[in-house]
Amino acid sequence: MVRHFAMFCLPQPSEVSLKAIFKAITKGFFAEFPAPVKDAAEAIVNASVEIYGRMSTDLLPTPAKSHYLFNLRDLSKCIQGVLQADSGVIREHDHIFRLFCHECQRVFHDRLIDRADKKYFYGILSEMASKHFQKELTADKMEESPIVFGDFMKVGAPKSDRVYEELSNIKKTVSVLTENSTHGPSTSGQCPSGGRGGHGQAEPDQAGRPHVWVQVFPNRDQQGLRLHDLPRRPQEAVQDGGSGEPGLCVPLH
């Protein structure tokens with residue numbers, strides 16, 4: 001039977017190759033940004049590739065953590081998130097650094113289910129902050145003061161008018177989401193259409209606007225908000241499985 005199939009082997013790109021590819025992309029994107037942001041392009045790629053390498057090597061899947069599968073798609077998502085930066089908002093080195101931290105947490109941290117694994121990730125991010133950005137950022141500080149970015153504060157605004165910016169006022173952010181929630185806070189942790197711990201197609205509202213499922217964490221350990229933005233599949237709702245935390249289903253388009 002094997003003779004009827006063609007077999008292809010694609011070797012894993014080297015770290016040097018990955019950095020060369022993503023540096024070309026990021027430097028081109030940041031060409032029109034202020035110098036402090038433009039100069040951070042190399043640090044962003046170096047840190048992202050190193051985080052990806054350590055996460056994919058050290059946090060391997062187990063029967064209890066079968067979703068711990070980190071591949072090049074995750075590295076690409078991290079860089080893609082940084083490339084949502086707006087030149088009118090991201091003007092300083094600290095601005096792009098905080099955006100980088102948010103994207104790393106969105107792609108890598110939010111998949112982790114074990115507190116020890118989350119601590120390990122924060123340790124890596126803290127190390128990268130010092131090594132590549134000359135920033136002092138402790139794991140405790142990241143947990144106490146989460147960094148969150150989003151473009152949904154102007155609910156209902158056309159995509160061209162939305163700006164990807166830091167949401168420094170978490171209470172205001174939760175308030176906006178609550179006020180514009182289609183289904184209201186869920187007390188059971190149930191996704192309206194997909195069920196707990198799974199994926200589902202969120203039904204559009206009467207105006208035809210798709211929804212995104214937002215998970216709000218009110219406890220001290222995870223004081224923050226995570227938005228699972230799915231630009232290519234805007235009608236798919238996502239919820240962290242089995243968390244039991246309240247969520248919101250919000251029309252963003």
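I take a contact to mean heavy atoms within 4.5 Å. The model I am looking at is predicted.

**Overview**

I looked up the secondary structure first, and the chain comes to eight helices and seven strands. Next I turned to contacts between residues at least 6 apart in sequence: 67% of them join residues at least 24 apart. I also noted that 43% of the chain's 253 residues are buried. For the accessible surface I wrote down about 13500 Å², with 52% of it belonging to carbon and sulfur atoms.

**The core**

Which residues have the most contacts inside the largest nonpolar core? I found Phe 30, Ile 51, Met 55, Ile 96, Phe 100 and Phe 121, in a core of 46 residues. Helices H1 (15-29), H3 (41-58), H4 (72-82), H5 (93-107), H6 (115-133) and H7 (139-144) each supply at least two residues of this core. H3 gives the most, with nine residues.

Setting aside neighbours within four places in sequence, I see Met 55 in contact with Phe 70, Phe 108, Leu 112, Phe 121 and Ile 124.

**The cysteines**

A reminder to myself: a disulfide is a covalent bond between the sulfur atoms of two cysteines. How many disulfides does the count come to? I get zero disulfides. I checked Cys 78, where the nearest cysteine sulfur belongs to Cys 104 and is 3.7 Å away. A disulfide needs the two sulfur atoms within 2.5 Å, so Cys 78 is in no disulfide.

Is Cys 78 buried or exposed? Its relative accessibility is 0%, so I list Cys 78 as buried. Cys 9, by contrast, is exposed, with a relative accessible area of 68%.

How values were computed: Residues are numbered from 1 along each chain as its sequence is written. This is a predicted model: local features need pLDDT of at least 70, side-chain atom pairs count only at pLDDT 80 or more; totals for chains, interfaces and linings use all residues. Side-chain values use heavy atoms; hydrogens and water are left out. A nonpolar core is a set of buried Ala, Val, Leu, Ile, Met, Phe, Trp, Tyr and Cys residues joined through side-chain atoms within 4.5 Å. Buried means under 20% relative accessible area, exposed over 50%, partly exposed in between (1.4 Å probe, protein chains only). Helices (H or I, at least four residues) and strands (E, at least two) are DSSP runs, numbered from the N terminus. Accessible areas come from the Shrake-Rupley method with a 1.4 Å probe; for residues, only the protein chains shown count as cover.
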